[in-house]
Amino acid sequence: MAAVCAAGSPRREEARALDRDDPLNFTRAEFVVPTKADLASTRLQVKDLGETAATPAGPDASTDASTYLCGNSLGLQPRRTALRLQQYLSTWATQGVQGHFKPLDGSPLPTWLDADAKAAKMIAPVVGAEVSEVAVMETLTANLHFLMSAFYRPDIKGRHKIILESKAFPSDHFAVETQIRHHGLSPESSMVTIESQTAAKTAMSTDDILAVIAAHADTTAVLLLPGIQYYTGQLLDIPTITTFARKHGIFVIWDLAHAVGNVPLHLHDWDVDAAAWCTYKYLNGGPGCIGGLFVHARNSQVTSAAADKRPEEGYPNRFAGWWGNDKSTRFVMATKFHPAPGAAGFQLSNPSILDITSLCASLEVFELAGGVGELRKKSLKLTAYLETLLNEMAEKNLFKIITPSDPQQRGAQLSLLLAESLLEPVMESLQADGVIVDERRPDVIRVAPAPLYNTFEDCVTFVEVFARALRKANSSESG
Ligand SMILES: Cc1ncc(COP(=O)(O)O)c(C=O)c1O
């Protein structure tokens, strides 16, 4: 394989031509791609990350660029993040507390009081929501808890169950389990898990999911599923599953960690009840960056008469904080909570402006690219190209692609299940050759060409290095 994909090989030439013809090839220059030397270094290097810093890009400059295929875990840093953060720091340094409300001439940044509203406006098209249906707040697991605290009202004689997948991301599993216990119930009777019925126990079919929902239809309060399954990379049929569960009176929550910024979402039109996501994967907000939450308009109505009613009337119950109070009376400092209409009314604390500034810098690049719909067109081609190259490999017997081969059932990521004992040596070799992917034990590596900064040539490089790594690991394993 190394010979097939060596520099100047037909495959590499083909990939370079695809990159040249790619209408979105300009967005790679918006990102700081680590060099191989950066990745090998054990010393902190404080670099110029601004607009003038060079990103190795394209055939001529790519020799030292790493091959970063890990946007499913942590997206790369947008170049404009450094500039926007510098502008934020300068605002804070020169204005102090005035930064909350004083607009500055020449600043592209909103006042801090308006930062959450601006972020909601920028993220609404990414998830297919009305602006009032989204809030940029807290973090993913916290937001799942906040949503369940508002919408999971178990009744042991009626609806008390939460359905989730058996292989859910541990945080989701823990959140559901502890919500159930928090209400004095037991997971043994109130938690239902969906098992994959395929022989390999990988992808879940829509029919498998609907069958479990139907079997527990009368006793289920909430369904929590991932838009894209983190381990297999499977994209679930969100509209079909949502419609079916809602028809049975179940409140539907989606964990969109791996779907947001990766595949087009239409949460409002799909009639999803609520959703939560993080922003450090395909949204490139930075490690641990602020999360997001969607609450369908029908679930966040606030009647104007609420001020005259008992606190629990006029809006659904929730764990409240001052930032969720209606903006017009937030600073009156009264102790009667009157939530802002929409998802904003679920906010608790004043948000980290550092985080929001970082997230919005990346969302600017999404806007430049023309939105997730345009990126998806490229993503479909990139991932299919990677799949083709993987399927051509002579070492194909040493791994299996467990992500569905139907492009409509996956996003950017392909998950590769390696033959036993190969994971560690393969990961070591990939890293030594400047290729970054991530692993999920015991035997899976996840490879995600992100359309904002990955190239067709990255796919060729990955497959070339992967083939070498497999051969080496397999020979020392059998030797
Ligand atoms: C599917 C899924 N759910 C939940 C989480 C937890 O996210 P957080 O640590 O931001 O709460 C992650 C993190 O990667 C995830 O992939």
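Start by selecting Tyr 280, which lies in the loop between β9 (274–277) and β10 (292–295); strands are DSSP runs of E of at least two residues, helices are runs of H or I of at least four, and both are numbered from the N terminus. This is a predicted model, in which local features need pLDDT of at least 70 and side-chain atom pairs count only at pLDDT 80 or more, while totals for chains, interfaces and linings use all residues. Residues are numbered from 1 along each chain as its sequence is written, and side-chain values use heavy atoms, with hydrogens and water left out.

At 25% relative accessibility, Tyr 280 counts as partly exposed; buried means under 20% relative accessible area, exposed over 50%, and partly exposed in between (1.4 Å probe, protein chains only). Leaving aside neighbours within four places in sequence, Tyr 280 is in contact with residues including Ser 73, Leu 74, Gly 75 and Cys 289, where contact means heavy atoms within 4.5 Å.

Next, select the ligand. Tyr 280 is one of the residues that surround the ligand, together with Leu 140, Thr 141, Phe 169, Asp 172, Asp 255, Ala 257, His 258 and Lys 281; the criterion is a heavy atom within 4 Å.

Now show the polar contacts, that is, pairs of N or O atoms within 3.5 Å. Asp 255 has a side-chain N or O atom 2.7 Å from a nitrogen atom of the ligand, and a polar side-chain atom of Asp 172 lies 3.1 Å from a ligand nitrogen. For His 258, the side-chain N or O atom is 2.9 Å from an oxygen atom of the ligand. The protein covers 81% of the 400 Å² of accessible area that the ligand has on its own (Shrake-Rupley method, 1.4 Å probe).

Move to Ser 171, in helix α8 (residues 170–182). Ser 171 is buried, with a relative accessible area of 18%.

Then go to Gln 347, in the loop between α12 (327–330) and α13 (353–369). Gln 347 counts as buried because its relative accessibility is 5%. Its side chain reaches the backbone oxygen of Ala 344 at 3.0 Å. Not counting residues up to four places away in sequence, Gln 347 touches Asp 116, Met 137 and Trp 323, among others.

Finish at Gly 434, in the loop between α15 (423–432) and β13 (435–436). Gly 434 is buried, at 4% relative accessible area. Beyond its neighbours within four places in sequence, Gly 434 is in contact with Lys 36, Ser 66 and Thr 67.

Technical notes
Polar contact = N/O pair within 3.5 Å; in protein donor to acceptor, adjacent residues only side chain to side chain.
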